[in-house]
Structures are given as structure tokens and as C-alpha cells.
Amino acid sequence: MSDHVGGPVVDEADVIVVGAGPGGSAAAYHLARHGVRVLLLEKTEFPREKVCGDGLTPRAVRQLIRMGIDTSEKAGWLQNRGLRVIGGGVRLELDWPDLATFPNYGLVRTRMDFDDMLARQAVEAGALLRTGVNVTGAVRNDDGYVIGVEAKSGPGKEPVEFRAPLVIAADGVSGKFPLSLGLAKRDDRPLGVAVRRYYRSAVKADDDYLESWLELRSAQDPGRLLPGYGWIFGLGDGRVNVGLGILNSSDAFGKTNYRHLLTDWLGSTPEEWGLRDEANADGPTLGAALPMGFNRVPHYTRGVMLVGDSGGMVNPMNGEGIAYAMESGEMAAEVAVQALARPAGPERERALRAYPAELSLRFGGYYRIGGIFVKLIGNPQIMRLATKYGMPQPLLMKFVLKLLANLTDPRGGDAMDRIINGLTKVAPSA
């Protein structure tokens with residue numbers, strides 16, 4: 001049980017959401033839309049920087065549309081047609097699939113105003129947003145059940161408690177709130193590290209494909225392949241987001257200076273792109289961890305639901321986190337609405353336990369396949385063979401795009417959809 005921190009106690013919500021990133025704001029929006037009193041707590045002030053690739057697949061676009069966000073180019077978005085894959089001496093452009101379930105375009109937008117926009121959408125739906133509130137731990141009753149959060153707020157970081165019958169932890173990769181409850185990360189699940197930097201580039205800034213590099217060449221030693229995979233995403237404002245990621249299945253994981261690696265790779269790109277020149281850099285190189293494949297569980301326990309990175313929901317296949325944060329945020333909200341309509345006690349608990357079950361049903365089998373995929377591509381020989389023999393096969397690569405981006409129609413669809421859906425159903429849940 002938590003000791004009282006000595007500050008005022010605020011009891012003004014049915015649900016407290018910790019963290020106003022995409023997952024937290026999506027949860028708050030969908031809760032508020034159902035008339036739930038929701039308090040959204042964010043430790044920073046908006047707008048704020050966030051390390052990310054800034055690229056959104058159609059899966060994330062669908063969630064934006066479900067939040068009532070205008071994703072048109074008139075509203076300031078840069079739409080993209082698909083993925084350009086570079087590797088094995090091949091350059092292949094794959095359009096996003098035409099599906100009933102997902103739109104056929106992706107988006108690019110920096111997190112600087114993306115997160116701000118989502119938080120404002122939650123407020124417009126009725127959520128109460130408080131920024132500059134650093135949640136430090138849980139308030140528990142005598143039974144160990146979470147009934148609120150401890151926080152420090154305001155310029156003087158005064159202690160305060162916020163009370164609510166349900167808490168949603170959406171506090172990102174650090175997961176400080178679930179950690180305070182003893183929910184540690186699982187070491188047997190995939191983990192990635194990514195670094196990114198912004199550059200000014202007249203050539204690449206308005207690209208209508210997200211560009212993914214399966215092979216990275218060293219500028220210092222052109223015959224040498226560097227570990228990891230890279231990306232170049234045009235932002236439409238004269239800049240690009242350039243970065244690379246390495247998975248913990250790679251021998252280089254944790255033993256490499258990722259910033260030097262990025263510079264070495266960019267030194268091998270064409271000079272006219274402007275990515276070799278330090279003068280074109282816009283800001284420092286920043287890094288972040290990518291918690292994948294449900295690497296923190298359980299996703300519901302003792303009055304707390306985990307959403308997005310806090311619950312390790314990054315897709316192991318492609319490193320995408322925003323879509324899964326927003327999707328799990330909506331799922332948590334839907335379950336919470338049903339649970340709060342029941343009396344506190346066994347009935348409500350039964351409803352809340354539907355959340356991890358639904359997550360497992362939707363993503364569990366897919367993430368299990370993703371874990372196998374991560375182990376395979378961590379082997380340089382397998383990766384080399386895959387790019388050499390797989391890349392020249394457009395039909396195979398179309399299948400791979402659907403699999404990696406998790407874009408299929410669940411009912412009907414084509415033969416590829418049915419194969420992928422079948423694989424995820426028979427795979428044991430992650």
C-alpha cells in the first residue's frame with residue numbers, strides 16, 4: 001500500500017490515463033466520447049520532441065480517422081503511396097494494398113505536433129488534460145488494488161494524489177508506472193534500439209514512398225555491410241527523417257555506437273541528397289528503445305491497464321509502435337466503458353480481464369510469428385539470402401509487405417490475406 005504523499009487529494013475522474021502520447025490520447029478520446037470522466041496526465045508540456053521515425057502506415061491512419069482527425073494533405077499531412085525497399089542490389093516500390101479494412105495511404109508527420117494534435121482531440125471530446133504532472137507511483141487500498149496515482153505537479157513539483165477507480169498506464173517505453181507495481185520487462189521478447197536525425201534535403205523531402213533500407217553500406221569500407229536496417233522518410237517541409245534500428249537478435253546489439261553507425265551509412269548515400277553534409281543536419285541524433293511483442297505483461301492487473309509501449313506493443317516485424325499504441329488505447333477504452341457500467345468487485349474485474357484476452361486474440365499470434373522473424377533476420381547469412389533471392393520477386397515482396405505491416409482483411413480478402421490470417425490464428429499467442 002502506498003503511503004500518503006502529504007499533498008491534496010483530487011477525486012475528479014472515472015479513469016486516469018498516465019501519459020499523453022498516441023496511446024494515452026487515443027484511450028482518453030474514446031473514453032470521453034462515451035461520456036466517461038477521464039483525466040489525462042502528461043509530465044511534459046506540448047508541443048514536445050519525441051524520438052520516432054515519424055512514418056505512419058495505413059494501420060495508424062485508420063486509427064487517426066477513428067479519432068476524427070482530418071488526414072488530408074490540406075490539413076498539413078504528407079501522404080505516401082507505399083514502401084520503397086532497397087536491398088540485395090534491388091530497389092522495389094510496393095504500394096500499400098487496397099483493402100476494405102484499411103485506407104490505401106500512409107502519412108508522415110513529426111511527433112512535435114502529432115502528439116499535441118491527438119491530445120487536443122481528446123480534450124475536444126471531453127477529456128481533462130493536465131500537463132507538467134509527473135506521476136511517481138500508484139495509490140493502493142488495503143487489498144493492493146490501485147485506486148489512483150501519486151504525482152508531482154506545478155513549478156514547485158508539489159506532491160498531489162489523483163483518485164479514480166481505474167488507471168490506464170500509457171507512459172511509454174520507460175514504463176515507470178507499471179514498474180512501480182513490480183511489472184518488469186520480459187527479457188525473452190524482442191527489443192530494438194533506433195536512432196534518428198533530421199536533415200534538410202531538397203531531393204528526398206517530398207518523397208511519396210517511405211524508404212526502407214534492408215542493407216546498410218559503410219562509407220569508410222564500401223565492401224562491408226553494417227548491422228541493422230535504415231529508413232529515409234520525407235517530411236514534406238524540406239526535411240527528411242533518417243534513422244536506423246538494430247534488434248537484440250543481432251550480435252551488434254548493445255556493442256555499437258549507433259550514432260557513428262548512422263553517420264557511416266549516410267556517408268555512402270548520393271551526395272546530391274545532402275545527407276553526408278553536417279551543415280544540412282537539423283538537430284542532434286537521438287535514440288530510443290523499441291519494446292516489442294508484449295514484453296511487459298500482464299496487460300491488466302489490480303485496476304491498471306497497460307497501453308502501447310508501456311505494454312511492449314511495438315510490432316517486431318517493422319518497428320511500428322504508433323498504430324498499436326492507438327489501437328490498444330481504443331481497446332482499453334471500450335473494455336473500461338463496459339467495466340465501469342458494472343458494480344465494483346468481481347463483476348467489474350470479469351469485464352476488465354477481457355482486455356488482455358482481446359489483445360492476445362488480436363495480436364498474440366502475429367507477435368509470436370514476429371518473434372521468430374526477429375531471430376531469423378538477426379542472422380546475417382539468412383538476411384543476405386532473403387534479400388538476394390526474395391527482393392527480385394515482386395509477388396513475394398507484396399506478400400511480405402502485407403505480413404510486415406500487418407495489413408490484411410480479416411474476412412474475405414485475397415489468397416495472401418487468407419494465408420497470413422491463417423498463420424496468425426494457428427501460432428500460439430505471444
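So, V195 first: its bridge partner is G287, in β20. When I say strand, I mean a DSSP run of E with at least two residues, while a helix is a run of H or I with at least four, both numbered from the N terminus. Two strands count as paired if DSSP finds at least two bridges between them.

Quick word on what we're looking at: this is a predicted model, where local features need pLDDT of at least 70, side-chain atom pairs count only at pLDDT 80 or more, and totals for chains, interfaces and linings use all residues. Residues are numbered from 1 along each chain as its sequence is written, and side-chain values use heavy atoms, with hydrogens and water left out.

Okay, zoom out. Seven strands make an open, mixed sheet, in the order β7-β6-β15-β18-β19-β14-β20. The edges are β7 (90-95) and β20 (286-291); each has a single partner strand, so one side of each has no neighbour in the sheet. From one strand to the next, the twist averages 20°.

Over β6 (82-87) and β7 lies helix α10, residues 394-405, at about 55° to β7. Angles here go from 0 to 180 degrees between N-to-C directions, with axes fitted to C-alpha atoms, for helices over the stretch in contact, and contact means heavy atoms within 4.5 Å.

Now the hairpins. β10 (133-140) and β11 (146-153) pair antiparallel over seven bridges, and V139 partners G148 in β11. Five residues sit between those strands, and G144 takes a positive phi near 80°. Then β11 pairs antiparallel with β12 (158-163) over six bridges, with A151 opposite V160.
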